[in-house]
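Hi everyone, thanks for making time. Could we put the structure up on the screen before I start?

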Amino acid sequence: MSYKTKLMQGNQAVAEGAIAAGVTFFGGYPITPSTEVAESLARALPAVGGKFIQMEDEIAGIGVIIGAALTGKKVMTATSGPGFSLKQELLGYACIAEIPMVIVNVQRVGPSTGQPTAPAQGDVMQARWGTHGDHPVIALTPGSVPECFDLTIKAYELSEKYRMPVILLLDEIIGHMRERIDLPASYDQIVKPQRKLPAVPPEEFRAYKPDADLVPPMAPFGSGYRWHVTGLVHDEYGFPDGSPAATQACLDRLHAKINNNLDEIVLYEEYLLEDAEVAVLAYGGAARTAYAAVDAAREKGIKAGLFRPITMWPFPEKQVKALADKVKHLIVAEMNFGQYVIEVERAVAGKVPVTLHAKYNSEAITPNELLATIEKCK
């Protein structure tokens, strides 16, 4: 495969990844610090026969991509914290109706309008629990500009395969930083994620009858297959069924199609953990600091390492438990008041001490700040 080298923002790399994955429709509303995703796709989509539409608000932005996804299109919307809050009701609709899509959330300081251009990681729990009800979530978090490109494609692989929304959870640091990226010279070289289509004639089609992998094939609207879409608990035809049996069967399947495939879905990176006694767990922009802090600790003779979750949700429970069996201390570094640390503490279950290094004053964690915490925990 031949490549072209670019200097590119993380947000721009997300847009390139969307085009490479075969996205042909974007609907959304501009909001700092995600606006470059929309701007880039406004230019790129018409060139590949796609459509871009700016809606009147964030709610309409997710509404139109649900409609486009039902016609068979690969779709994207992008936002930040306040807009992500507005999208939650329709995100829940897409979860129960099993509509594939990718939602980009470039986090900023909150709550409410907060600080529009300041870095934060305060939407971690919102990504998991923002909409109501019991349902699984897939959220991926890039730690570099090249990974913004790669994980956007991965997001579509997961969304199309498991027929569900996938959240691409950036923060302002990763969204706005610029790095070298080697892009394929032609996106024709990239295998496009494909949605599973029905293998039966229209008269035999049941919209929510799952295959052995627990994922139902999805027929595009307008292709001759008729089916009903609802936000209510439904039967295999898509029509409402509020019985206890149907409710449990629906929710069990939504969870099982993810839980049965955690080894494929859960992505992570381990850095200098082979002999580590102190492990830092960090993600996104905070992980950029952690690399430098771990290297500085090693120079001082401290056996430090980094565990970086790439799949934030589902939580990498098996990997974190294994890490707790190896090290003497875990440090969770995040740009919020302390969110992911709660899951880490739950998984570790007291095996080793867990220390939170939190920063939430609109500034990034510095390597020296994190190094000082490592030194205290060695």
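I'll walk through the sheets, then the helix packing, and finish with a few local details.

First, some ground rules. This is a predicted model, in which local features need pLDDT of at least 70 and side-chain atom pairs count only at pLDDT 80 or more, while totals for chains, interfaces and linings use all residues. Residues are numbered from 1 along each chain as its sequence is written, and side-chain values use heavy atoms, with hydrogens and water left out. When I say helix or strand, I mean a DSSP run, H or I of at least four residues for helices and E of at least two for strands, numbered from the N terminus.

Let's begin with the sheets. Strands of a sheet pair through backbone hydrogen bonds, either parallel or antiparallel. For us, two strands pair if DSSP finds at least two bridges between them. So what is the strand order in the open sheet of 7 strands? Reading across, it goes β3-β2-β4-β5-β7-β6-β12, and the pairing is mixed. At the edges stand β3 (51-54) and β12 (311-313), each with a single partner strand, so one side of each has no neighbour in the sheet. On average, neighbouring strands here are turned by 25 degrees against each other, direction ignored. A word on angles: axes are lines fitted to C-alpha atoms, for helices over the stretch in contact, and angles run from 0 to 180 degrees between N-to-C directions.

Strand β4 (residues 75-79) and strand β5 (residues 101-107) run parallel and share 4 bridges. If you want a landmark, M76 has V102 in β5 as its bridge partner.

Helix α1 (residues 10-21) lies across β4, β5 and β7 (165-171), at about 155 degrees to β7. Helix α7 (residues 145-162) touches β4, β5, β6 (138-140) and β7, and its direction makes about 160 degrees with that of β7.

Now for the other sheet. This open sheet has 5 strands in the order β9-β11-β10-β13-β14, again with mixed pairing. Its edge strands are β9 (268-271) and β14 (354-358), each pairing on one side only. From one strand to the next, the twist averages 20 degrees. Y268 stands opposite P309 in β11. Across β9, β10 (278-282), β11 and β13 (329-334) lies helix α11 (residues 284-299), at about 165 degrees to β11.

On to helices packing against helices. Angles under 35 degrees count as roughly parallel, over 145 as roughly antiparallel, 65 to 115 as roughly perpendicular and the rest as oblique. A crossing is left-handed if the near helix is turned anticlockwise from the far one by less than a right angle, and right-handed if clockwise.

Back to α1, then. The axes of α1 and helix α2 (residues 35-47) come within 8 Å and cross at roughly 40 degrees, which means α1 is oblique to α2. That crossing is right-handed. On the α1 side the contact uses N11, Q12, V14, A15, A18 and I19, and on the α2 side E36, V37, S40, L41, A44 and L45. By type, these residues divide into 8 nonpolar, 3 polar and 1 charged. Here Ala, Val, Leu, Ile, Met, Phe, Trp, Tyr, Cys and Pro count as nonpolar, Asp, Glu, Lys and Arg as charged, and the others, Gly among them, as polar.

The second pair is helix α3 (residues 58-70) with helix α5 (residues 88-97), at about 20 degrees with axes 9 Å apart. So α3 is roughly parallel to α5. This crossing is left-handed. I59, I62, G63 and I66 in α3 meet L90, L91, Y93 and A94 in α5. The contact residues divide into 7 nonpolar, 1 polar and no charged.

Finally, some backbone details. Most residues other than glycine have a negative phi, and most peptide bonds are trans. Where do we find cis peptide bonds? One joins T32 and P33, with omega about 5 degrees, and P33 is in the loop between β2 (25-28) and α2. Another runs from W313 to P314, with omega near 0 degrees. As for phi, E98 has a positive value near 55 degrees, and this residue sits in the loop between α5 and β5.

That's the tour, and I'm happy to take questions!

Note on methods:
Contact means heavy atoms within 4.5 Å.
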